[in-house]
Amino acid sequence: VQTNSFLSDPVAAFDELAGRFVVGTLELDGLNRETFLLYAVSNSDNPQDGFDEIHRVPLVEFASNISQNVFADFLRFGYNNDVHVFTANMHGFNAGQFAHSSIITIDKASVLDVGDDLDPDPVPLALTDVNDIDPLALGDATFTLVPVTLHSDLSPAGGPDPMFFVAEASAANGKMVRVVQMDNVTGAIPDQNDPTSISFSFTDL
């Protein structure tokens with residue numbers, strides 16, 4: 001951890017579909033106004049065998065809707081048969097204003113290749129700014145997105161599984177829960193500047 005940083009919001013889980021332990025936490029650097037996701041996957045189903053897949057993923061972002069750099073908070077973790085998924089609320093460094101929720105998806109195939117010492121590159125991932133995805137006018141209705149854990153393969157034909165989330169129906173609403181479905185979670189996931197291939201649908205409870 002850097003001198004100006006501290007860790008926050010650790011999460012841990014056993015992904016029984018992959019037979020791996022997963023650990024994540026946020027690293028916040030208030031001086032440089034940066035946030036990183038620290039992410040590790042165990043080498044086997046025994047965490048004492050070590051964690052060779054260790055990654056520091058930058059979540060550095062300027063949020064145009066509040067005109068400032070944002071930091072990640074309220075880290076949550078889920079998974080399906082294809083991806084590991086982290087979510088976080090993004091808040092302004094200046095006064096803590098909520099900007100939007102972010103979804104970080106990591107293709108599990110890229111982190112289950114233990115022993116590949118010739119490939120030091122970071123894992124392929126996609127950081128998608130949900131607030132910029134507007135086919136259903138989700139907008140800030142994605143406050144405190146929490147990914148679910150899918151314990152079985154929902155696509156026996158071999159296609160990618162969808163991902164599901166729950167969220168407050170709007171920031172500080174306190175009266176309604178929204179269930180969100182995300183499709184196209186592997187392969188052609190765009191970056192936060194080109195979210196057009198992502199498909200979302202939702203139901204309010």
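**Salt bridges and sheets: a chat**

A: Arg56 has a relative accessible area of 39%, so Arg56 counts as partly exposed, where buried means under 20% relative accessible area, exposed over 50%, and partly exposed in between (1.4 Å probe, protein chains only). This is a predicted model, in which local features need pLDDT of at least 70 and side-chain atom pairs count only at pLDDT 80 or more, while totals for chains, interfaces and linings use all residues. Residues are numbered from 1 along each chain as its sequence is written, and side-chain values use heavy atoms, with hydrogens and water left out.

Q: Which residue forms a salt bridge with Arg56?

A: That is Glu27, and the closest N and O atoms of the two are 2.9 Å apart; a salt bridge here is a side-chain nitrogen of Lys or Arg within 4 Å of a carboxyl oxygen of Asp or Glu. Glu27 lies in strand β2 (residues 20–29) and Arg56 in strand β4, so the pair ties together parts that are 29 residues apart in sequence. Strands are DSSP runs (E, at least two residues), numbered from the N terminus.

Q: Is Glu27 buried or exposed?

A: Glu27 is buried, because its relative accessible area is 2%.

Q: And what does the side chain of Ser5 make with Glu27?

A: The side chains of Ser5 and Glu27 make a polar contact at 3.1 Å, meaning a pair of N or O atoms within 3.5 Å; within protein, one must be able to donate a hydrogen and the other to accept it, and residues adjacent in sequence count only if both atoms are side-chain atoms. Ser5 sits in strand β1 (residues 5–15), and Ser5 counts as buried because its relative accessibility is 13%.

Q: How many salt bridges are there in the whole structure?

A: A search of the whole structure finds two. Besides the pair of Glu27 and Arg56, Asp15 forms one with Lys108, with the closest N and O atoms 2.8 Å apart. Asp15 is in strand β1 and Lys108 in the loop between β8 (98–107) and β9 (125–129), 93 residues apart, and both residues are buried.

Q: New topic: what is the strand order in the open sheet of four strands?

A: The order is β1-β2-β3-β4, with antiparallel pairing, where two strands pair if DSSP finds at least two bridges between them. The edge strands are β1 and β4 (53–58), each of which pairs on one side only.

Q: Which residue stands opposite Arg56?

A: Leu38 stands opposite Arg56 in β4, and strand β3 (residues 34–41) pairs with β4 in the antiparallel sense over six bridges.
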